[in-house]
Amino acid sequence: MFISDNNKKALKTGFIYVLASAFCGLFAFIYELFSHEVWSFAMVFSFAIPLVMGAIPYLAIGIFGKNKPLCRPALNLHAFGVATLTVGSIFLGVLEIYGTTNSLTVIYLIAGLVFTVFSIITAIFSKKSVK
């Protein structure tokens with residue numbers, strides 16, 4: 001079976017997202033071991049953001065996708081959006097485990113969604129591709 005260079009890049013990126021997801025899951029597990037049996041949904045499920053938004057789409061593109069590359073700005077905006085949502089989830093989990101709240105944590109959600117939407121818009125309207 002022939003796999004194009006673009007599909008190899010997508011598989012590599014998907015594997016990186018799998019590693020990021022595993023790191024988030026391990027981080028949440030270790031953090032909650034030392035939190036005196038206090039846990040947070042935001043911390044527990046922080047692994048799902050890079051898994052669902054990163055690993056699954058990129059692995060699907062790498063396995064089933066056509067040989068059509070995406071533009072670099074769209075990929076960078078998407079990665080930044082996923083990273084922002086993941087860090088925001090972990091930060092919210094830390095605050096919840098600590099027993100406090102902060103209204104500014106909603107900025108992570110807003111910024112992550114804005115960058116993700118911008119990545120979709122950039123991918124749709126771009127004419128250049130990754131080289």
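At what angle do α3 and α4 pack, and how far apart are their axes? The views below take this up after a note on the model.

This is a predicted model, in which local features need pLDDT of at least 70, side-chain atom pairs count only at pLDDT 80 or more, and totals for chains, interfaces and linings use all residues. Residues are numbered from 1 along each chain as its sequence is written, and side-chain values use heavy atoms, with hydrogens and water left out.

**View 1. Packing of α3 and α4.** The two helices pack at an angle of about 155 degrees, and their axes are 8 Å apart. α3 is therefore roughly antiparallel to α4. On the α3 side, Ile49, Pro50, Met53, Gly54 and Tyr58 make the contact. On the α4 side, the contact is made by Leu75, His78, Val82, Leu85, Thr86 and Ser89. By class, the contact residues are seven nonpolar, four polar and no charged. Terms: helices (H or I, at least four residues) and strands (E, at least two) are DSSP runs, numbered from the N terminus. Axes are lines fitted to C-alpha atoms, for helices over the stretch in contact, and angles run from 0 to 180 degrees between N-to-C directions. Angles under 35 degrees count as roughly parallel, over 145 as roughly antiparallel, 65 to 115 as roughly perpendicular and the rest as oblique. Contact means heavy atoms within 4.5 Å. Ala, Val, Leu, Ile, Met, Phe, Trp, Tyr, Cys and Pro count as nonpolar, Asp, Glu, Lys and Arg as charged, and the others, Gly among them, as polar.

**View 2. The largest pocket.** Its volume is about 340 Å³. The lining has 18 residues, and Asn6, Ala10, Tyr58, Leu70 and Leu75 are the closest to the pocket centre. α1 (5-33), α3 (48-64) and α4 (72-98) are the elements that give two or more residues to this lining. α1 gives the most, with six residues. The lining has nine nonpolar, five polar and four charged residues. Terms: on a 1 Å grid over the protein atoms alone, a pocket is an open set of points where a 1.4 Å probe fits, with protein on both sides within 12 Å along at least five of seven lines; lining residues have an atom within 4 Å of a point. Grid points are joined across faces, edges and corners, and a volume is the space filled by probe spheres set on the points.

**View 3. The second largest pocket.** This pocket has a volume of about 210 Å³. Its lining includes Met53, Tyr58, Leu70, Leu75, His78 and Ser119. α3, α4 and α5 (106-125) each supply at least two lining residues. Nine of the lining residues are nonpolar, three are polar and none is charged.

**View 4. Ser119 in helix α5.** Ser119 lies in α5. Ser119 is buried, with a relative accessible area of 4%. Neighbours within four places in sequence aside, Ser119 is in contact with Ala74, Leu77 and His78. Terms: buried means under 20% relative accessible area, exposed over 50%, partly exposed in between (1.4 Å probe, protein chains only).

View 5. His36 has a positive phi of about 55 degrees although it is not a glycine. For Glu37, also not a glycine, phi is positive at about 60 degrees. His36 is exposed, at 72% relative accessible area. Glu37 counts as exposed at 78%.

**View 6. Ser126 after α5.** Ser126 lies in the segment that follows α5. Ser126 counts as partly exposed, at 28% relative accessibility. Its C-alpha atom is separated by 38 Å from that of Asn102, 24 residues away along the chain.
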